[in-house]
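Dear colleague,

I am handing over the structure below, and after it I set out what was found. Please keep it open beside this message while you read.

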Amino acid sequence: LGDAMGEIVGSFYGKRKFAVKGFGEINKKSLEGCAAVFIFSLGATLLSTFVFWADELPLEWKVLLPICVATLSMLTETLAFRSTDNF
């Protein structure tokens with residue numbers, strides 16, 4: 001979800017762009033797209049921890065785990081070479 005929304009938000013609303021190296025070409029990403037990856041990944045993982053693991057996880061883990069997952073998703077999407085972040 002985060003990857004898809006990052007592409008949509010970055011394509012339409014991305015104003016602050018930066019270059020990311022890839023295989024044979026330079027790819028441009030935007031801060032807005034990176035923020036969308038974080039926000040939508042955070043929302044999806046928060047929803048899953050509170051719905052599917054409502055009784056199994058303590059509250060700290062229900063919040064900390066999604067923040068870690070969203071941060072790692074955003075960093076992977078941002079720093080990975082072009083076309084290598086979907087493996």
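What share of the contacts in the chain with a separation of 6 or more is accounted for by residues 24 or more positions apart? The share is 53%. Please bear in mind from the start that this is a predicted model.

As for the overall layout, the chain has three helices and two strands, and, read from the N terminus on, these elements follow one another in the order α-β-β-α-α. Of the 87 residues in the chain, 29% are buried.

The packing of two helices deserves a careful look. Two packed helices are described by the angle between their axes and by the distance between those axes. Helix α1, which covers residues 2-13, packs with helix α2, which covers residues 31-51, at an angle of about 150 degrees, and their axes are 7 Å apart. Angles over 145 degrees count as roughly antiparallel, and therefore α1 and α2 are roughly antiparallel to each other. The crossing in which α1 passes α2 is right-handed. On the α1 side the contact is made by G2, D3, M5, G6, V9, G10 and Y13, while on the α2 side it is made by E32, G33, A36, V37, F40 and S41. Sorted by class, the residues in this contact of α1 with α2 are six nonpolar, five polar and two charged.

The buried residues of α2 are E32, G33, C34, A36, V37, S41, L42, T45 and T49.

S30 lies in strand β2, which covers residues 26-30, and S30 counts as buried because its relative accessible area is 6%, where buried means under 20%. If its neighbours within four places in sequence are left aside, S30 is in contact with G10, G14, R16, K17 and F18. W53, on the other hand, is placed in the loop between α2 and α3, the latter covering residues 59-79, and with a relative accessibility of 40% W53 counts as partly exposed. When residues up to four places away in sequence are not counted, W53 touches S48, K62 and L65.

With kind regards

Terms used
Residues are numbered from 1 along each chain as its sequence is written. This is a predicted model: local features need pLDDT of at least 70, side-chain atom pairs count only at pLDDT 80 or more; totals for chains, interfaces and linings use all residues. Side-chain values use heavy atoms; hydrogens and water are left out. Axes are lines fitted to C-alpha atoms, for helices over the stretch in contact, and angles run from 0 to 180 degrees between N-to-C directions. Helices (H or I, at least four residues) and strands (E, at least two) are DSSP runs, numbered from the N terminus. Angles under 35 degrees count as roughly parallel, over 145 as roughly antiparallel, 65 to 115 as roughly perpendicular and the rest as oblique. A crossing is left-handed if the near helix is turned anticlockwise from the far one by less than a right angle, and right-handed if clockwise. Contact means heavy atoms within 4.5 Å. Ala, Val, Leu, Ile, Met, Phe, Trp, Tyr, Cys and Pro count as nonpolar, Asp, Glu, Lys and Arg as charged, and the others, Gly among them, as polar. Buried means under 20% relative accessible area, exposed over 50%, partly exposed in between (1.4 Å probe, protein chains only).
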